[in-house]
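Dear colleague,

A short account of the findings comes after it.

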Amino acid sequence: SLLLLKAVLTGGWRGDMPAMRAQLDLLEKQPHAERAEDRAVFIAMWGALLQRQPARVAAAGALTAKSYFEDTVVPRRPKDWALAIAHRLEGKDNLARLDWQKAEAVLRQRQRDDPGGQILTVELATTLAALGKTDEAMRELAPIEAAWREELNLPRARGLANYYGVTGDAAK
């Protein structure tokens, strides 16, 4: 936990990528069970994305068979989002599309299990937008976005920012 916290603080908050990498390298020496926890996998994947190291993203993602992060500390989201971004960084757009499609399947299943989950709906809209299904994405997002904007908090702002980042609408 301390290695992960230090990685987040040094990389995410201070922007010190070499210090973050040093913490993640120490994490890689820990027993598999500790490296395979949602929090550890997410932070390792996120750190590798920040450093633009797609191979490390894939290696960290391979530590778990889970398809969705559900830790109480890191953002809930499909694991395949990070893999899609890593593949896009490598110029592997077809593999990235497959990752987005896997994320869509995971989110649709989770929605069936939790039909009122607004976070899942925003995540699905983001995924659909990444797949170029913009009309469908907007239909998913529209009912939630207005309400979220009236009671905006950090997780909601992050969710909307992810969506508009994927759509390329920097102003929103």
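Predicted model: local features only at pLDDT ≥ 70, side-chain atom pairs only at ≥ 80, totals over all residues.

Residues are numbered from 1 along each chain as its sequence is written, and side-chain values use heavy atoms, with hydrogens and water left out.

Overall fold. The chain holds 10 helices and two strands (DSSP runs numbered from the N terminus: H or I of at least four residues for helices, E of at least two for strands). Along the sequence they follow the pattern α-α-α-α-α-β-β-α-α-α-α-α. The radius of gyration is 16 Å, close to the 16 Å from the globule rule for 172 residues, so the chain is as compact as a globular protein of that length (the radius is taken over C-alpha atoms, and the rule is 2.2 Å times the number of residues to the power 0.38). Of the 172 residues, 41% count as buried (buried is under 20% relative accessible area, exposed over 50%, partly exposed in between, with a 1.4 Å probe and protein chains only).

Cores. The largest nonpolar core has 20 residues, and those with the most contacts inside it are Leu24, Ile43, Met45 and Val57 (such a core is a set of buried Ala, Val, Leu, Ile, Met, Phe, Trp, Tyr and Cys residues joined through side-chain atoms within 4.5 Å). Helix 4 gives the largest share of this core, eight residues. Beyond its neighbours within four places in sequence, Met45 is in contact with residues including Val57, Phe69 and Leu83 (contact means heavy atoms within 4.5 Å). A second, separate core of 16 residues includes Val122, Ala125, Leu128 and Tyr163.

Surface. Leu2, Leu5, Leu9 and Trp13 form a nonpolar surface patch with about 490 Å² of accessible area together. Patch residues have over 30% relative accessible area and no salt bridge; like charges are joined within 9 Å and nonpolar side chains (Val, Leu, Ile, Met, Phe, Trp, Tyr) within 5 Å. Areas come from the Shrake-Rupley method with a 1.4 Å probe, and for residues only the protein chains shown count as cover; a salt bridge is a side-chain nitrogen of Lys or Arg within 4 Å of a carboxyl oxygen of Asp or Glu. Trp13 lies in helix 1 (residues 2-13) and counts as exposed at 69% relative accessibility.

Arg52 is in the loop between helix 4 and helix 5. Arg52 has a positive phi of about 55 degrees although it is not a glycine, and it is exposed, with a relative accessible area of 59%.

With kind regards
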